Amino acid sequence: MEFSGIVPSDVPVGKYKVFVAYKSSNQNEWTAVRGKSGVVNHLNVEVTATNVIFSQPTDLMPELELAMSDQEAQQVYKDRFGKIKINLKNTGGGEYNSFITVAFDNSGKDILVEKIPIVLAAGETKEFLITATVKKDAGSHGLYIMYDRTNNFSNTLTGVVNNDNPVMIDVEDIVVSRISLGLSAIISFPDKNKVTPNTFDLQVKIKNNGDYFDDKVFVATKNINGSYTAFDNQYVFLQKGEETIIHFKNPPGIKYGTGNIGVFYLNPLTGYTEWFTPSNYCFVTFRYVEDEYTGIEFPEQGAKSEFNVYPNPATDVLFIHSDKGLKSINIYDSAGRKVLHDNRNTSGEVSVPVNHLSNGLYLLHIETEEGREVVKFQKK
């Protein structure tokens, strides 16, 4: 059989598999066509910014094993979120691109975490961080890692990485009596004198000075009356003495100018929010400005556009048609001022309202995954 078609423009850059699948008229889900035992039933596909590369996978199957067989038991807490590190090595002849399941038995009945997608190249060793709530009594427990020997994500996971060598964890039944989070540095931006909506990136370095912590950290803007209003949060869990770095990248809905931001956390013992210690590390003053455009970038004379932009001149709505995936659209006036910004993640035809623009010449900047194109149009 032969098939033809195109990869949708919204497929992110990365490595994939292409399967032949089927379903009957009374089924809702597709089923991959199985290959003979020991032979892969798919094609490897690599999507880059400019190409789609197909390749025939090898008949050699992946084989997973523990990369560290003598690692010490890892500590987790009963009925609380825990972090478990598992080091795996692919000793087989082909890439592993399927799931693993972590269970308390080698039959996969007492499951901790089910079907975690991983990619492990032939000969590659990688550490995986498993996060889960451990519902086991206090004491030592062994974990088994199961995987798909046929490298087919629709199959049952029948392979066991560590039949004779379980990953040991020590489950501790603790009582949390003290919550205390500190900051090891003042919260910061890469450049606090120039923070824009697109470059907003607040770094927070946290250290747990109390018992186990498992709750939210908030970022807030300062109001005129001196109070703070949270606009984003992240769930954080830390063992005693553990440190971590988190980033807030969602910009606040505030006016441009001088801004003030603070961070605090929710104390699960009291139900109230608290500032980190030292408290002066919790705040930063910054200059919040609009994304800049320096200079006017005109399209090259005689250059052929890969976008169909119409009508031109435009009165109320400008239409953009392209098979490429659009990321953002910006319009600049003849003085280089940005007059419109629109984030898009789509392809095909999109409409851009221009009825609010004054009559004149404008530059349309279209951002795609492959780059940027500039198109000149007139508003009438």
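In the predicted model, His 356 is in contact with Val 339 and Leu 340, neighbours within four places in sequence being left aside. His 356 is placed in the loop between strand 25 (338–353) and strand 26 (360–368). Although His 356 and Thr 315 are 41 residues apart along the chain, their C-alpha atoms are separated by 9.4 Å.

The protein chain contains 27 strands and zero helices. Of its 380 residues, 38% are buried. Among the contacts in the protein chain with a separation of 6 or more, 64% are accounted for by residues 24 or more positions apart. The mean pLDDT of the chain is 81, and 84% of the residues score at least 70. Confidence is highest in strand 15 (residues 181–183), with a mean of 97, and lowest in strand 3 (residues 31–32), with a mean of 72. Over residues 294–303, pLDDT stays under 50, and the model has 14 contacts beyond four places in sequence for this stretch.

In soluble globular proteins, nonpolar side chains tend to be buried together. The largest nonpolar core of the model comprises 30 residues, of which Leu 202, Val 204, Ile 206, Ile 261, Val 263 and Phe 276 touch the most other members. At least two residues of this core are supplied by each of strand 15, strand 16 (202–208), strand 17 (213–222), strand 18 (228–238), strand 19 (243–248), strand 20 (257–266) and strand 22 (283–288). The surroundings of Val 263 illustrate the packing: beyond four places in sequence, Val 263 is in contact with Leu 183, Ile 187, Leu 202, Val 204, Phe 218, Val 219, Trp 275, Phe 276 and Cys 282.

Six bridges connect strand 16 and strand 19 in the antiparallel sense. Within this pairing, Ile 206 stands opposite Thr 244 in strand 19; Ile 206 is also one of the core residues that touch the most other members.

Another open sheet of three strands has the order 6-8-11, again with antiparallel pairing. Strand 6 (64–66) and strand 11 (125–133) each have a single partner strand, so both stand at the edges with one side left without a neighbour in the sheet. From one strand to the next, the twist averages 40 degrees. Strand 6 and strand 8 (residues 81–90) run antiparallel and are joined by three bridges. Leu 64 has Asn 90 in strand 8 as its bridge partner.

A further histidine, His 141, lies in strand 12 (residues 139–147). With a relative accessible area of 19%, His 141 falls under the 20% limit and is therefore buried. Its side chain reaches the backbone oxygen of Asp 137 at 2.9 Å. Residues up to four places away in sequence not being counted, His 141 touches Phe 104, Lys 136, Val 167, Met 168, Ile 169 and Val 171.

A cis peptide bond, with omega about -10 degrees, joins Thr 277 and Pro 278. Pro 278 is located in the loop between strand 21 (273–275) and strand 22. Asn 312 and Pro 313 are likewise joined by a cis peptide bond, for which omega is about 10 degrees. Pro 313 occupies the loop between strand 23 (308–310) and strand 24 (317–333).

Positive phi values occur at two residues that are not glycine, Asp 79 and Lys 115. For Asp 79, phi is near 60 degrees, and the residue is found in the loop between strand 7 (74–77) and strand 8. The relative accessibility of Asp 79 is 44%, which lies between the limits of 20% and 50%, so this residue counts as partly exposed. For Lys 115, phi is about 50 degrees, and the residue belongs to strand 10 (residues 111–120). Lys 115 is partly exposed as well, with a relative accessible area of 41%.

Key:
Residues are numbered from 1 along each chain as its sequence is written. This is a predicted model: local features need pLDDT of at least 70, side-chain atom pairs count only at pLDDT 80 or more; totals for chains, interfaces and linings use all residues. Side-chain values use heavy atoms; hydrogens and water are left out. pLDDT is the predictor's confidence in each residue, from 0 to 100. Helices (H or I, at least four residues) and strands (E, at least two) are DSSP runs, numbered from the N terminus. Contact means heavy atoms within 4.5 Å. A nonpolar core is a set of buried Ala, Val, Leu, Ile, Met, Phe, Trp, Tyr and Cys residues joined through side-chain atoms within 4.5 Å. Buried means under 20% relative accessible area, exposed over 50%, partly exposed in between (1.4 Å probe, protein chains only). Two strands pair if DSSP finds at least two bridges between them. Axes are lines fitted to C-alpha atoms, for helices over the stretch in contact, and angles run from 0 to 180 degrees between N-to-C directions. A polar contact is a pair of N or O atoms within 3.5 Å; within protein, one must be able to donate a hydrogen and the other to accept it, and residues adjacent in sequence count only if both atoms are side-chain atoms.
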